[in-house]
Amino acid sequence: MNFEQAFLDSLIQAVQVSRKYRDLNIPLTTLQDILSYESQHSNTRKELEANFRKSLHNIMAPYLEDINYPTETAGIAEFHAQNSSSEKLKTWCLERMRRHASSRERLPYLDTFYHKIFAMIGTPKSIIDLACALDPLGLPWMSLPPTTQFLAYDIHQPRRDFLQVFFQHFYPQAQAIHQDILTDTPDQLADCAFFFKEAHRLEKRRPGSNRDLFAVLNISWLVVSLPSRDLAGHHSLETYHTNLIQKAIEGQPWRLTVDIVGDELLFFIQKHD
C-alpha cells in the first residue's frame, strides 16, 4: 500500500527523538529501509506503525545491553596510560565482553575460536567485521600482524565511538565505522569478512538479504558464525542454520566448509582463491 511521505517521515522522526533510540543515532537509511519493506506488508497506518516498531525492535534489541558506552569510552585513555601488559589488556576486554550477551557466550572457547578461523583462512592482511558488536575486543586473541587492516562496522553510534577510541589507543591499524551493512554494504577489497551471529537476524529483517550481501562483498573469504543451539540450549539449530547459509550461496561457484567451535557453527565461504 502507498502511504503519504509526511506520515512516513513522522514515524522516523518519532523514533529519532524517542528515549529508547535517540542516543543510538540509527542511520536514516536503516529506518527508511525498514519502512519501505513494511509498507509493502501493511494495509493501514496503524498496522504499518506497529510493524515498523516491531521490526525496529527486533533489529536493535541485541544492541540495547546495559553498557554505558560514554563512560567506558572516557576510561580508555586512563587505562592505556597505565602501560598495561597484554594480559591486563585481555582482562580489560573480557570484563566488557562479559556484559554483552553474544560476546559472553563465546568467552569459554575464545582462543580456539580464532585459532580455528586462521588455521582455515591463513593470516589475512585485511579484515572487515560486519555488524561487529563487541567482537573487535577479541583482537588480543587474534594474534594478527600489526600491519593487518581491520575495519569494524556497526549501526550503534555510542558503541562505534567506544571501539574507535579503543582502536586509537591499542590497534591504530583498525577503524570503527557507523554504517548499516544492508543498506550501505562495504565494497572495498579485503582478504576476509567476519559475520558473527547476525545472519539469522538479517534474514528476518529482509528475506534474501544474506544472499545479496554475500554477493556484493569484495573478499576472498567470508567467515559466518551462527548458534548451534537455541538460547535455552534445548534444541539444535544446526540443520536450520546450515540450510540458511546453503540457500544464501546456492548457485554460486564458492566453496563451503562447515565446522563447529563451542556452541557456534562456523561457515567458511571461499569466494576467490
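Contact here means heavy atoms within 4.5 Å. The model is predicted: local features need pLDDT of at least 70 and side-chain atom pairs pLDDT 80 or more, while totals for chains, interfaces and linings use all residues. Residues are numbered from 1 along each chain as its sequence is written, and side-chain values use heavy atoms, with hydrogens and water left out.

View 1. Ala215 touches Gln252, Trp254 and Lys271, leaving aside residues up to four places away in sequence. Its relative accessibility is 41%, so Ala215 counts as partly exposed (buried is under 20% relative accessible area, exposed over 50%, partly exposed in between; 1.4 Å probe, protein chains only). Gln149 is 66 residues from Ala215 in sequence, and their C-alpha atoms are 22 Å apart in space. Helices (H or I, at least four residues) and strands (E, at least two) are DSSP runs numbered from the N terminus.

View 2. In H11, which spans residues 209–216, the residues Ser209, Asn210, Leu213 and Phe214 are buried. An α-helix has 3.6 residues a turn, so residues three or four places apart point the same way. The packing partners of the buried H11 residues are strands E4 (190–196), E5 (219–227) and E7 (264–270), together with helices H10 (199–205) and H12 (238–249).

**View 3. Ile117 and the largest nonpolar core.** A nonpolar core is a set of buried Ala, Val, Leu, Ile, Met, Phe, Trp, Tyr and Cys residues joined through side-chain atoms within 4.5 Å. The largest has 42 residues, and Ile117 is one of those with the most contacts inside it, a group that also includes Tyr114, Leu137, Phe150, Phe166, Phe167 and Phe194. Not counting residues up to four places away in sequence, Ile117 touches Phe194, Phe196, Val223, Leu266 and Phe268. Another core, of 28 residues, lies apart from the largest one; among its members are Tyr153, Ile177, Ala199 and Leu226.

**View 4. Glu264 in strand E7 and its polar contacts.** Glu264 has a relative accessible area of 0% and is therefore buried. Its side chain makes polar contacts with the side chain of Arg106 (2.7 Å) and with that of Ser225 (2.7 Å). A polar contact is a pair of N or O atoms within 3.5 Å; within protein, one must be able to donate a hydrogen and the other to accept it, and residues adjacent in sequence count only if both atoms are side-chain atoms. Residues touching Glu264 also include Tyr109, Phe113, Lys197 and Asp259.

**View 5. Lys197 in the loop between E4 and H10.** Lys197 is not a glycine, yet its phi is positive, about 55°. With 4% relative accessibility, Lys197 counts as buried.

**View 6. Asn25 in the loop between helices H1 (5–17) and H2 (28–39).** Asn25, a residue other than glycine, has a positive phi near 50°. Asn25 is partly exposed, at 41% relative accessible area.

**View 7. Helices H4 (residues 69–81) and H5 (residues 86–97).** Their axes come within 13 Å and cross at roughly 170°; axes are lines fitted to C-alpha atoms, for helices over the stretch in contact, and angles run from 0 to 180 degrees between N-to-C directions. H4 and H5 are therefore roughly antiparallel to each other (angles over 145 degrees count as roughly antiparallel, under 35 as roughly parallel, 65 to 115 as roughly perpendicular and the rest as oblique). Glu72, Ile76 and Phe79 of H4 meet Lys88, Leu89, Trp92 and Arg96 of H5.
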